[in-house]
Amino acid sequence: MKLSVEEAIKILYKGGVIAIPTETVYGLAADATNKKAIERIYEIKNRPTDNPLICHFYSFVQAKPFLASYPKYVEMLVNQFTPGPVSFLLPLNMPSSLQAATRGSAHVIIRIPMHELLLKLLKKISFPLAAPSANTSGKYSATTAEMVEADLGKKIEGVLDGGASSIGLESTILDCRNKDEIKILRPGVIGKEDIEWCLRNENVKVIDTLSFELATPGSKYKHYSPATPVFQIHTESEIPVKKNIAVIGFEEDFKNVSSSENLKFISLGSENNLSEVASSLYRKMFELDALKVSEAYLLQRDFGNSAIGKAISNRLEHMLSR
Ligand code: TXA
Ligand code: MG
């Protein structure tokens, strides 16, 4: 069911769970201070109960009272990149009303998202929103209201439809608990160079961990996977002669070949337009699953060292069946 902002607010105050649009991916949101509502998020997603939830705020001013302390550079990053696709792991002001969301941890990940409709909603409520990505645990994230409805529609109170997520990949997660070092726990469109540039006059080291570190409990679980098994290949010659399969590649790969009944193509876009590739990546996985093929073959690509290239590689790597 599609909701208006007013309807969404009423449901949230009653402890309900709804899907919200963000610029990265859709979130499955509830009052971050309401223990029962938080437990429902875990049930709906079938999410392992030790995996904490990111808390979404309207502004850093709203988040500050929840924090024990934070290094000076955090405020610089907040001013530069938020509202926007970056999240900060910081120490909580204990005891905290957010501890159901952090699963008892004394550290919280905060995010100030950039989406007009969501900011409008966040401004009107008196609590932050706990929101993991709006997908069944293990699956790729939803980037449209239709994807949320198909996966979780029957289990939730409704969706605030804000159109397709413009970025399409989850936020960059920064471990900011150390005053002279930042660890990138999850790559996203804001990368090491952006952070280094912002903090160019500070003495802070930025460490690109490239893949999820153990600091995020979610790192040990499977992520981003379509229902269709996906295997990596290096060239088109490795496409097996089999019925009912799909090949995932780029516009450039499919110039001279056409799909047939036995071989379907999923094009991720042009390799020269990585923003477009990122924004449609999960939607393409949704399209892949709708094809109901028995398996899919992903043509390997080097996306280079840009932040967005690394973020795309990271998500594709996690999608592969092993
Ligand atoms: O772009 C995003 O960040 C989206 C949108 C909805 O905001 N959210 C998102 O949430 O990707 P989720 O739950 O799918 O991924 C968050 C990751 C998880 O791996 C979780 O383990 C980690 O962040 N995390 C959340 N809170 C944490 C905490 N207090 N300490 C350590 N890790 C935490
Ligand atoms: Mg997720």
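Predicted model: local features only at pLDDT ≥ 70, side-chain atom pairs only at ≥ 80, totals over all residues.

Started with the shell around ligand 1: I get 27 residues, and the closest are Thr24, Asn51, His56, Arg111 and Ser171.

Sorted the shell by type. I count 14 nonpolar residues, nine polar and four charged. Which strand gives the largest share of the shell? Strand β5 (residues 107-111) does, with four residues.

Next, polar contacts. A backbone N or O atom of histidine 107 is 2.8 Å from a nitrogen atom of ligand 1. For arginine 111, I find a polar side-chain atom 2.8 Å from a ligand 1 oxygen. Serine 133 also puts a polar side-chain atom 2.9 Å from an oxygen atom of ligand 1. Then I checked cover: on its own ligand 1 has 680 Å² of accessible area, and the protein covers 97% of that. As for where it goes, ligand 1 sits in the largest pocket.

Moved on to omega. I see a cis peptide bond from threonine 82 to proline 83, omega near -5°; proline 83 is in the loop between α4 (72-81) and β4 (86-91). Methionine 94 and proline 95 are also joined by a cis bond, with omega about -10°, and proline 95 lies in the loop between β4 and β5.

Last, phi. Arginine 103 has a positive value near 60° without being a glycine, and I place it in the loop between β4 and β5. Its relative accessibility is 25%, so I log arginine 103 as partly exposed. Lysine 292, not a glycine either, has phi of about 55° and belongs to the loop between α8 (274-291) and β13 (295-299). Buried or exposed? Lysine 292 comes out at 66% relative accessibility, so exposed.

Terms used: Residues numbered from 1 in each chain as written. Chains lettered and ligands numbered in written order. Heavy atoms only, no water. Near = heavy atom within 4 Å. Polar contact = N/O pair within 3.5 Å; in protein donor to acceptor, adjacent residues only side chain to side chain. Areas by Shrake-Rupley, 256 points an atom, 1.4 Å probe, with all protein chains shown as cover. 1 Å grid on protein atoms, 1.4 Å probe; cavity = no way out; pocket = protein on both sides within 12 Å on 5 of 7 lines; lining within 4 Å. Sits in = over half its atoms within 2 Å of the grid points. Helix = DSSP H or I, 4+ residues; strand = E, 2+ residues; numbered from the N terminus. Nonpolar A, V, L, I, M, F, W, Y, C, P; charged D, E, K, R; others polar. Buried < 20%, exposed > 50% of the residue type's maximum accessible area, 1.4 Å probe, protein only.
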